[in-house]
Amino acid sequence: MTLHAPYDPANIFGKILRGEMPSVKVFEDEVALAFMDVFPQGEGHTLVIPKFLGARNFLDLPEAEVGGYMLRVQKVARAVEAGLKPDGLRVFQFNGSAAGQTVFHLHFHILPMWDGVKPGAHAGGGMKSAAELEPLAARIRAGL
Ligand code: 5GP
């Protein structure tokens, strides 16, 4: 059902894009915004959203927007790797609530992984403060 519902600009990432809600940003240009996940599944969990308004999920994104957006996803993934030096990285996204999506503005997750460290539950961890996330964001920004 939620796979094809209309885009609702009142979603939390829409509010972050409009500056109505705070976020700990790591990257921003005319195409995309990247910020720290406040319920991280692990240290350095970062989200990359397109500034294009209207795409709830990856299937919705107009083809003309895909290339530019994916370049930013890769750029931020490289910065996470350079800044935090994980052993591995997960880059993933969900489409529709049946797939686990909880915020309906397209986003890719970038989750750094370390050997022997299991990721936390999706959208189920404790909320981190800006003060806790800022030092990680600073290291990722330094990796851009
Ligand atoms: P989804 O479940 O839609 O793939 O992912 C949504 C992600 O957004 C989750 O990982 C969740 O922790 C994160 N999230 C939910 N609300 C907020 C918020 O207000 N700010 C930030 N920065 N992340 C959020």
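**A walk around the ligand and some loops**

Let me start at Ala99, which sits in the loop between β4 (88-92) and β5 (108-113). Helices and strands here are DSSP runs, numbered from the N terminus, with helices (H or I) of at least four residues and strands (E) of at least two. Hello everyone, and a quick word on what we are looking at. This is a predicted model, where local features need pLDDT of at least 70 and side-chain atom pairs count only at pLDDT 80 or more, while totals for chains, interfaces and linings use all residues. Residues are numbered from 1 along each chain as its sequence is written, and side-chain values use heavy atoms, with hydrogens and water left out.

Back to Ala99. Is Ala99 buried, partly exposed or exposed? Ala99 is partly exposed, because its relative accessible area is 40%; buried means under 20%, exposed means over 50%, and partly exposed is in between (1.4 Å probe, protein chains only). The C-alpha atoms of Ala99 and Leu3 are 9.3 Å apart, although 96 residues separate the two along the chain.

Now to the ligand. How many residues surround the ligand? There are 18, and the closest are Met36, Asp37, Thr102, His109 and His122. To be near a molecule, a residue needs one of its heavy atoms within 4 Å of it. By kind, the shell holds 11 nonpolar residues, six polar ones and one charged.

At 2.5 Å from an oxygen atom of the ligand we find an N or O atom in the side chain of His122. His107 has a polar side-chain atom 2.9 Å from a ligand oxygen, and for Val103 a polar backbone atom is 2.9 Å from an oxygen atom of the ligand. A polar contact is a pair of N or O atoms within 3.5 Å; within protein, one must be able to donate a hydrogen and the other to accept it, and residues adjacent in sequence count only if both atoms are side-chain atoms.

Which elements give two or more residues to the shell around the ligand? They are α1 (12-17) and β2 (32-36), and α1 gives the most, with three residues.

Gln41 lies in the loop between β2 and β3 (46-50), and counts as buried because its relative accessibility is 10%.

A polar atom of the Asp29 side chain lies 2.8 Å from the backbone nitrogen of Val31.

Lys85, in the loop between α2 (63-84) and β4, has a phi near 50°, a positive value in a residue other than glycine. Most residues other than glycine have a negative phi. Lys85 counts as exposed because its relative accessibility is 56%.

Finally, Ser129 belongs to the loop between β5 and α3 (130-142), and is partly exposed, with a relative accessible area of 32%. Its C-alpha atom is 21 Å from that of Val76, 53 residues away along the chain.

Terms used
Nonpolar A, V, L, I, M, F, W, Y, C, P; charged D, E, K, R; others polar.
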